[in-house]
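Have the structure open while you read.

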Amino acid sequence: MAKSRWPDRTIGERFWEKVQRGAGCWQWTAMTNGRGYGRFTVSANRRELAHRFSYELTHGSLTEGMDICHTCDNPRCVNPTHLFAGTRQENMTDALLKGRTARGFRLPHTKLSDEQVVEILNRLKAGARPRDV
């Protein structure tokens, strides 16, 4: 059997030592992914999202397919009181209602501003030919 890389500490100890606790958000201070979410090395061949691992440490295992959502909208936050379980649909609805989804001019491939689209639609409604707009 392979020796543990961390024989002197529990998994919980290893996790919480990478957290800066404060009055509000508890910031993950170790590795993050490209979107700013913390990554925790559980074992030599298994990494987990830090906020998800925090939730499971404090609330127990999740039902398969559930997301962990932030009430604070801070990807680095692992404060269990800021986390709640939800379906993917609930997570996406939460993000949409909080304005965290890219729409319109915030999409990387957008070529027209919202104002330009309104102007084009108004010109078309006024009778302009599409090729002239």
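## Ground rules

This is a predicted model, so local features need pLDDT of at least 70 and side-chain atom pairs count only at pLDDT 80 or more, while totals for chains, interfaces and linings use all residues. Residues are numbered from 1 along each chain as its sequence is written, and side-chain values use heavy atoms, with hydrogens and water left out.

## Overall build

The protein has four helices and six strands, arranged along the sequence as α-β-β-β-β-α-β-β-α-α. Helices (H or I, at least four residues) and strands (E, at least two) are DSSP runs, numbered from the N terminus. With a radius of gyration of 22 Å, well over the 14 Å that the globule rule gives for 133 residues, the protein is more spread out than a compact globule. That radius is taken over C-alpha atoms, and the rule is 2.2 Å times the number of residues to the power 0.38.

The C-alpha atoms fill a box of roughly 75 × 30 × 30 Å along the principal axes. Of the 133 residues, 26% count as buried; buried means under 20% relative accessible area, exposed over 50%, and partly exposed in between (1.4 Å probe, protein chains only).

Take Trp28 as a way in. Leaving aside neighbours within four places in sequence, Trp28 is in contact (heavy atoms within 4.5 Å) with residues including Phe15, Val19, Phe40, Ala50 and Val78, plus Lys18, Arg39 and Arg76.

## Helix α2

In α2, the buried residues are Ala50, His51, Phe53, Ser54 and Tyr55. They pack against α1 and several strands, including β2 (27-28), β3, β4 (46-49) and β5 (67-70). After α2 comes Gly60, which has a positive phi near 95 degrees.

## Salt bridges

Counting a side-chain nitrogen of Lys or Arg within 4 Å of a carboxyl oxygen of Asp or Glu, you get seven salt bridges. One of them pairs Arg88 with Asp67 at 2.5 Å, N to O. Arg88 lies in helix α3 (residues 88-97) and Asp67 in strand β5, so this pair ties together parts 21 residues apart in sequence. Arg88 is exposed at 51% relative accessible area, whereas Asp67 is buried at 9%.

Arg46 and Glu48 also meet in a salt bridge, at 3.0 Å; Arg46 is partly exposed at 39% and Glu48 is buried at 16%. Arg129 and Asp132 pair up at 2.8 Å, with Arg129 partly exposed at 44% and Asp132 partly exposed at 41%. Shared partners join Arg9, Glu17 and Lys18 into one salt-bridge network.

## A loop residue: Asp73

Asp73 is in the loop between β5 and β6 and is partly exposed, at 30% relative accessibility. Not counting residues up to four places away in sequence, Asp73 touches Asp94, Lys98 and Arg100.
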